[in-house]
Amino acid sequence: MTRRPSPGLIVGAVLVAGVVFTALLSFVWTPYDATEVQVADRLLSPGAHHWLGTDRLGRDVVSQLMVGSRTTLTVGLVASGIGAVLGTPIGVLASMGPRWLDRTVMLGNDLLLAFPGLLLAAMLAAVYGAGTGPAMVAIGLSTLPSFARLARAGTMQVVTTDYVRAALVAGRGSWWNARRHVWPNIAGLVTVQISLSFAIAVVAEAGLSYLGLGTAPPTPSWGRMLQDSQELISAAPLLVLWPAAAIALAVLGLNLLGDGLRDLFDPRLERR
Amino acid sequence: MTDPLERTEAPLIDVRAVCRTYSRSRLPLRRGTRTVHALRDLTMSVPEGERFGVVGESGCGKSTLLRLLSGLEAPSSGSIRVAGREIAGGSPRQMRLLRQQMQVVFQDPRSSLDPRMRVRDIIAEPLLEHSRAAARSMAGEMLEAVGLPPSAGDRYPHQFSGGERQRISIARALVSRPRVLLADEPVSALDVSVRAQILNLLADVVERYDLTLVFVSHDLSVVRWICDTVAVMNRGQLVEIGPVERVYRAPQANYTQALIAASPSLRSVLAAGPDDPVARSSDDADPEDLEVFR
Amino acid sequence: MTGAETMLRVEGLDVLGAGATLVRGMELALTAGERVALIGESGCGKSLSALALLGLLPEGLTASGSIRLVGVEHDLVGAGERQMSAIRGRRIAMVFQEPMTALNPTMRIGRQVAEAFRIHGRVRGRRAAQAAAIELLERVRLPEPGRIAGAYPHELSGGQRQRVVLAIALSNRPAVLVCDEPTTALDVTVQAQMLGLITDSVTETNAALLFITHDLAVAATACRRVLVMYGGRVVEAGPVRVVLSRPRHPYTLGLVAASDLEPLASRPGRRTRLTTIAGTVPAFGDRATGCAFRTRCPSASSVCETDPAWSQTGDRGVACWHPVRAASDD
């Protein structure tokens, strides 16, 4: 690209890189052991030893945030990845195929959409045991229908343009059209949807963990930190702030990155 | 239907008793479907090398006809033959080769080019059987043929004006050296001065590449300029067909007469004088001679 | 036309946006019952001028200059939204190009027309407004006005919808009616009827008509006076038949020649080329200083680098250093 990236893209990239860096760093170093329980030091305010304080079991907040970023990234990426990688082709296929295929596929899609995500997670947990893995798959499957719907709508718009008609008249087949025309024109939509799904996934994981269906303690996760600290909001209000801020920044970063990338690859938007 | 033209050899495009119906489901809460008869029992033929115009208002079926001719859709009944071969039915490869004989230029310059593709890739798209290098150079040739600079190939559609984008569309339609050029209202979305440029270009390329032209438009005066023969359509049926000057000067069908009367040219409006029914003001200077048209 | 009241006076109207002057120095005066065409190609600023008159310029564009409307004490330029809402639909109304999106698809026709009456308080009470609406639908020559009043927009054809839009525009008998390509999106056979309806309606209500179009034949049919725009400026003005048959500005000459699809063949039976204007319209903001047309004008010279002054002779005016001189001009 010969164009300069937009400020949003840069900020987004920095935020996301920050989270990734934190996650990687957590493998080699954290201020304290994130899972070490030190009841004597519980609910400390931010200070010299514990930069952001400790939680109700005396665990260092900074260390928890760092290790928790791994879970957050994994859950977010895998869940939205499942949604995007499975859902997008389904939507494109439904739109470009014969009517009966469209109706059948979208019916299945609607069923999946209507199926409560929580129930899905519980079912998977019952079969495979509770944990991050089944939780990610459940969340991913829950986001799949939105990707399929979005891809289908976007594909329909592209397929009815004159330039696709011209390609058909020129002898190009559906496969070529899907690859050469449909995908580049819906990629922006999908990118933005990934960042939205990421946010949903992170918060969903929090809920699942709270119910015992997600990341099992003692593995830290931002979502669970959020849930845990809600009870203590009058005693230690800052404890809610840290994971909330972390989630918000990560989601913001992804949104900006998604929008920025979409715009960067759109040749119609010129930046001098 | 009036005088068919004299032909000594088989026509290049032969449309026989073609019908095209669509079933539209009724609005929600009402059962059943509605059948739309886009084309009813249409029969016409276009000899090779002819410039054939199809004129009608919206809903007359002219665009449907063009979609059938280009192979985008198949007729519900009847047959369409190109160079003696049936367009629909037959192996996919045969169909593809046959359809490549007919290329299309569309109306809307904004949606007829993929905004994410570079112009040279757009033009080279119909070249299925050529290497990348060969395709690129042929695309370059076509750019020149339509009056655009070679540097245009590196740019994107949004960097061009409406008229230039139509030139790119024309280049794309011609790159695979088709026998027939199908044009669907190619100048309707353009400004007047640009329209003249593109019409000149179309006339040039039709002559240079020895094409048969099927030109669909709602504008009879444009068809009159560029075509030899015109078919007038209304509600899916052929109303009148004949040499363009004859149809324009002595229209036989009522509908054709109404169509002509409804869209007078500037020349005839100015010549009509201030007391003609629609222009009712009395303070105009009378144009004594239409000097500008000398 | 002495004695006729001036309905609209525009002086020195500029529209600025994104660092470029999109419309420059527009001057216009409309008297009661007068029909004036504003012609030009895309990007010339004609639609922006119309939007400026109604205070509907898009975000980021500002107007300066003066727009005075009869019956309104203040200048329309710089008027607040509250003031403009009271004026739009009451003293000045507009008909847009696209009939398919001009009406609310979820409201019945009758109610939409009645709403126009009630907003400006000219008719009170729902029943009275509904009755007035049906009467108006009849005046725009819609068959079975009662049935149409009860119908939804999607049940009407494009031509019928445009008549409804016209009815709404005329409901409060505005002093000025602005039409922006009102017939372009309609079928040809319907266009002629619509044009007749518009001209009859403004004659009957004695409103002034500003008719924007790119179609010279339509302008010559519907209007008496014409303003030709290029590059944001009015380059020529005068009685429509005179201007289009004996144009003075090289652009007008080129435009008329390019729209002529019946060039006289030097050899009968041979197709002649259409006359074109060399080059393309420059994009917004690319306007060179001086006459905007000089990059494409066959008569351009160095003096054209300064803005041509407006020269008015009788009822015709042109902004050009090298106007076309015809033998029969005095």
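Which residue in strand 8 of chain B does R51(B) stand opposite? I started my notes with that one, and I found L213(B) there. A reminder to myself before going on: this is a predicted model.

**Entry 1: around R51(B)**
I looked up the two strands next. Strand 3 of chain B covers residues 51-55 and strand 8 of chain B covers residues 212-217. I noted five bridges joining them, and the two strands run parallel.

I stayed with strand 6 of chain B, residues 102-105. Its partner, strand 7 of chain B, runs parallel to it, and four bridges join the two. One pair I looked up is Q103(B), whose bridge partner in strand 7 is L181(B). A handy rule to keep beside this: in a regular strand the side chains alternate between the two faces of the sheet. Are the residues on the two faces of strand 6 of chain B buried or exposed? I found M102(B) and V104(B) buried on one side, and Q103(B) and V105(B) buried on the other, so both faces are covered.

**Entry 2: two domains in chain B**
I checked how chain B is divided. Domain 1 takes 8-101 + 179-267, while domain 2 takes 107-177. Their centres, taken over C-alpha atoms, are 24 Å apart. Where they meet, 15 residues of domain 1 of chain B are in contact with 15 residues of domain 2 of chain B. On the domain 1 side, strand 7 (180-184) and helix 6 (192-208) of chain B each supply at least two residues. Helix 6 of chain B has the largest share, with six residues. By class, I noted ten nonpolar, three polar and two charged residues on that side of domain 1.

**Entry 3: chain A against chain B**
Last, I turned to the contact between the chains. I have 16 residues from chain A and 23 residues from chain B in it. On the chain A side, helix 6 (162-169) and helix 7 (174-210) each supply at least two residues. Which helix gives the most to that side of chain A? Helix 6 of chain A does, with seven residues. The chain A side divides into eight nonpolar, four polar and four charged residues.

Key:
Residues are numbered from 1 along each chain as its sequence is written. Chains are lettered from A and ligands numbered from 1 in the order in which they are written. This is a predicted model: local features need pLDDT of at least 70, side-chain atom pairs count only at pLDDT 80 or more; totals for chains, interfaces and linings use all residues. Domain bounds come from an automatic or database domain assignment. Two residues are in contact if their C-beta atoms, placed from the backbone, lie within 7 Å. Ala, Val, Leu, Ile, Met, Phe, Trp, Tyr, Cys and Pro count as nonpolar, Asp, Glu, Lys and Arg as charged, and the others, Gly among them, as polar. A residue is buried if 20 or more other C-beta atoms lie within 10 Å of its own, exposed if 12 or fewer, and partly exposed in between; C-beta atoms are placed from the backbone. Two strands pair if DSSP finds at least two bridges between them.
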